[in-house]
Amino acid sequence: MTVKQKTLKKGGKLGEVLRSREISLLLVMVLLCVVIQWRSGGTFFTPGVITQLAQNYAYTAVLTFGMLLVLLIGGIDISIASTLAFSGMASSMLMQHGFLTNPFMVFLVSTLIGLGCGLIIGLVIAKGKVLPIIATLGFQYIVRGLTYVISDSKWVSSDEMLPAFTQFSLDSFLGIPYLAWIFLVLFVIVLLVLKWTEFGRQIYAVGSNAEAAKISGINIDRIKILVYSINGAIAGLAGAMFTSKYASAQSNMATGAEMDVIAACVIGGVSLNGGQGNAVGALLGVITIAIISKSLSLVGIDAFWQQALKGVIILLAVAVNVLVQRNNDREVLKGREI
Amino acid sequence: MATKSGRTIAHIKQRSVGSVLLRWESILFLIFLAVNIVNYSLSPDKYFNTSNLLRGLRETLVSGMIVFPMAFILLLGDIDLSVGGNVCLSATVLGLVYNASGSIWLGILAAVATGTVCGLINGLLLTRFTELAPMVVTLATNILYRGISEGILGDTATKGMQKVDWFKSLYFGKLGDIYYILIIFLVLAVIFGLVMHKTVFGRQMFAVGENKRAAKYAGIGVEKIRLIVFTLAGFMCGITAMFYCAKTGSVMSNAAEGYELDAICVCVLGGISTAGGKGTLPGAMIAFFTIALLKYGLGLVNIKGQIINVIIGALLVVVVMIPTVQDLIKKHRIKK
Amino acid sequence: MAETILELHGITKIFPGVRALDQVQFDLRAGEIHALMGENGAGKSTFIKVIMGVHQAEEGQMLLYGQPVHFKSTRDAQKAGIAAIYQHVTAYPHLTVAENIFTGHLKKRFGIVQWKQMYEEADSLLKELNADFDSRALMGSLSVAQQQMVEIAKALSVHARIIIMDEPTAALTKRESEELYRITRKLRDEGVSIIFISHRFEDMYALASRVTVFRDSRYIGTYDVNGITNADLIKAMVGREINELFPKPKVELGEEVLRVEGLSRTGYFKDVSFHVRKGEILGLTGLVGARRTEVVQTIFGAEKLTAGKIFLEGQPVKIRRPAEAMKLGIGLLPENRQIEGLILDWGIGRNITLTELKSFVQGIFLNEKKENLVSKQLAEQVDTKAVTVFDKASSLSGGNQQKVVVAKALGSDFKVLILDEPTKGVDVGAKAAIYEIMGELAQAGYAIVMISSEMPEILGMCDRIVVMCEGRVSGELSREEATQEKILELAMLKQTATEGSV
């Protein structure tokens, strides 16, 4: 029974590698931090810098968890930055005109507006059978355009916002900024939902093999609509976080954020083919992106080079992944007796 | 080996009126006409003014150059999100080389070389690491190419290219009433169209886009074709950068932002599916001119560009849902 | 006589343009294994999907334990105790075995997925089936046979009283099939009723007590397995008797055309040598997993070889990609014709000319008129059932698709033709036509290598037979000395050896 034993071993090995993916990413990140800490003369790991980092990248992190869900079902959404801007703008304008008097309500309304956008996108993709990249490309134009339309290309400035709302992004609880709390809570929710609920497992099933999922009695359209709606809601939430953080709402805000978010997912080991990836990876990915962006100036490289470096790191991350996989496959082949 | 059953197979296509009318290009053409009618009724005295019309069209031609290589790339079932970054970097190089050497020729050469190399890098990455999704790779190289431009330029601009008259006239110059750039655009459209639909290479691209494995087993060098097309896309980015510099005379690191999505939008609207293997270049051209005229016509009545984007986005989403709706109607009829 | 638990009457299912099922009937008794047979396209798979609620029939009635039922989704069918194991293994490669078993009915408490309980229950189900792998293994790391076992465990996990198996033995080795028979019989003895769909007569004889035949979307009849002969069954399936299946002409063998020596590819096969002569049909056979397809893919340049030499007409040649092989005169008709052999969405004409586009170039452009004319002639040469050369390849039956692939090869100037499972998925009628074409090709001077798993066609068509086993050549037989038993012995050579040593 040698043949069968080999298969067993192979399965174990493959599982091991997959499980250790997050570990290896963590190691790389730690190494990165050590180098930065050393090169920056100890100015990186200070509570001030970390807090600032957490506040600046909280909205990106939040978006990353939404994108994670979308990528897991094998989809993609490049309209999230537009949804963010639209919900952020709409909720800020409601605040400006005195319809919203409670900062909590601003967050809620922004999230609901995002939910609405996501729901429509989900319907177009699931029921209209439009490829996700195309549908969300269209909605990127539509929703961003609508942001300009409702605002008449004007800003909502900080003195037109509730003081409590703009203050929210500056305050913290237990030494951790509220904005960071939001993404930490969201992280835990996404982590738990993906691993421990039927809905979470259905997301993986749809992304791993949609045809099989259908036969298993999973309503694929429903899952798609739900996931895009959740992603929209998260983008709406990020809209309120963004306007609170920058104490203004502009029609062009967060343009191109989707690229950072997809990049964070890719670095975190989320496959664009669906079915592979998890919340821990996504979190590590977004932290990596944040560290790169912040650290360059600290280690004496012109901050203008950070985008280029980001590009290189994404390429390296995916290329290394492929090389490791190839090496793995080769080992398996070599081990196969003929 | 004679035909045993005496069966014959026809080899001449019967074109029925219905099949012609149901073609994607015909639907697009109706939309094109509708856009013209709407535009005309909105501003009857201004719309068909030749010089206005041509100037309006010219606005869209620079980014429109990207449509040609994007059509090829989508046809292969690939995608290239890096063209915006590539145009930006190539244009930056053009400005820098011109300012350093004083020779616009050298600048153009450097820009085209830069664009081509960037395209080649995309191609090499994708053909050496065939496991990688083109969306991920070109997303990263887009950030990289634009990032290099940003690293070089910082928040400054490189300018002065319009001091060379003939260079400026690449965008502003005319032959009779027609702008040079429009002539070049149309010539490129014909060339790319012929390559796509009338040559071996074109047919092989369709085969690769439909089914890479079958293409490979038919002896087609799938990866070779992909490499050529991505490199060609890079080359066209260099050319586009040239026109960009002629138009604006200065380059900042946000140059050509969003060109990739505009080009993809035109192609998809024109019937070139992102899934590969489907579509025609004439279709993409009708879509291109529809959008261009829409922008021009609505601009005449002072509708802002952002609202036009809403219309374009809506058009895209609605148009790609047409096949699904047709299917639904068909099913409904059968049930009856 | 056992009671009838499932009954279907007058089932009609219409897809746009076709009647996939036309007034079909079927009945299943408690604790019986009931075989369902028919040519490809006879409507078997659609029928199953109707039972499972994947499709809803336009007409007809289904009775479960005498009660009329209407399944709107697979879930309804599962709840009623019916489970299906589909032809293509429908697994989630990135997920664990346990999750594959329980997807659709995860174990939950207060909405929380109970992983520990699932792993335990999955392990006990697997143990019941004598499986040798853990429920925590990733599905993607298992062999096809193991994955099928998971599918069966899945059916058991919902306590299905009726299990439908769609071509379960298609991808299994003989030994794995025996294992499947054992499990299937065990299930029957425990009172489960089984609908077993297969192309193989041996499956039917080994398991079933009754057999129902479909033809052209219609019900033909239900017979007792004991009282029916192969000939009767074939007649029922194709609607006519087939006498001369193997029209192998006598061909004078010419010079040696292709010779391979010591071909190896790490992890796939080792030390493979054979040769083929002009006018000869060489059979390459073995069980699934013998790596025959991998060998010819490597010869064709689609995969890299790690060692060995290829000689063409006595000259050593290097082949790095399919284009080079084709230029040298080696053509491959791939096994998976719908994926590797054809572009299904294209007309048959364009498929045929794809490999030889260069010959239609005038100046720099393609001459499509000439192209269409040539493809017409080639398609007629192999007697393709099509109306025009613009008919989509996907609209053709399996047999006619195979003819198009042959026509495609005829358009090129090949010396060697490698046919990988040329009659797989081809119905009985079209098979004969393909054999006839093969005979003619040999007469025309082609050297032919045919990979096949079907014993009768190997014995009936080949001049010489090379048998492979787990990546090595285990023997060679001439047409005269070859028998079914000898081939099987060689094909299982290595497996028995390993078994002996353990």
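View 1. In chain C, the C-alpha centres of domain 1 and domain 2 are 33 Å apart. Domain 1 covers 4-238 and domain 2 covers 256-501, with bounds from an automatic or database domain assignment. Please keep in mind that this is a predicted model, in which local features need pLDDT of at least 70 and side-chain atom pairs count only at pLDDT 80 or more, while totals for chains, interfaces and linings use all residues. Residues are numbered from 1 along each chain as its sequence is written, and chains are lettered from A and ligands numbered from 1 in the order in which they are written.

**View 2. An open sheet in chain C.** Here 6 strands follow the order S18-S21-S22-S15-S23-S24 with mixed pairing. Helices (H or I, at least four residues) and strands (E, at least two) are DSSP runs, numbered from the N terminus, and two strands pair if DSSP finds at least two bridges between them. Strands S18 (330-333) and S24 (472-478) of chain C are at the edges with a single partner strand each, so one side of each has no neighbour in the sheet. On average, neighbouring strands of this sheet are turned by 20° against each other, direction ignored.

View 3. Strands S21 (residues 416-420) and S22 (residues 447-451) of chain C are joined in the parallel sense over 5 bridges. Within S22(C), C:Ala447 is the bridge partner of C:Val416. Helix H17 (residues 484-491) of chain C packs on the sheet and touches strands S15 (281-286), S23 (464-469) and S24 of chain C. The direction of H17 makes about 35° with that of S23(C); axes are lines fitted to C-alpha atoms, for helices over the stretch in contact, and angles run from 0 to 180 degrees between N-to-C directions.

**View 4. Where chain A meets chain C.** The contact involves 29 residues of chain A and 37 residues of chain C, counting two residues as in contact if their C-beta atoms, placed from the backbone, lie within 7 Å. On the chain A side, helices H1 (2-39), H8 (198-208), H9 (210-215) and H13 each supply at least two residues. H1(A) has the largest share of that side, 8 residues. By class, the side of chain A that touches chain C holds 11 nonpolar, 11 polar and 7 charged residues. Ala, Val, Leu, Ile, Met, Phe, Trp, Tyr, Cys and Pro count as nonpolar, Asp, Glu, Lys and Arg as charged, and the others, Gly among them, as polar.
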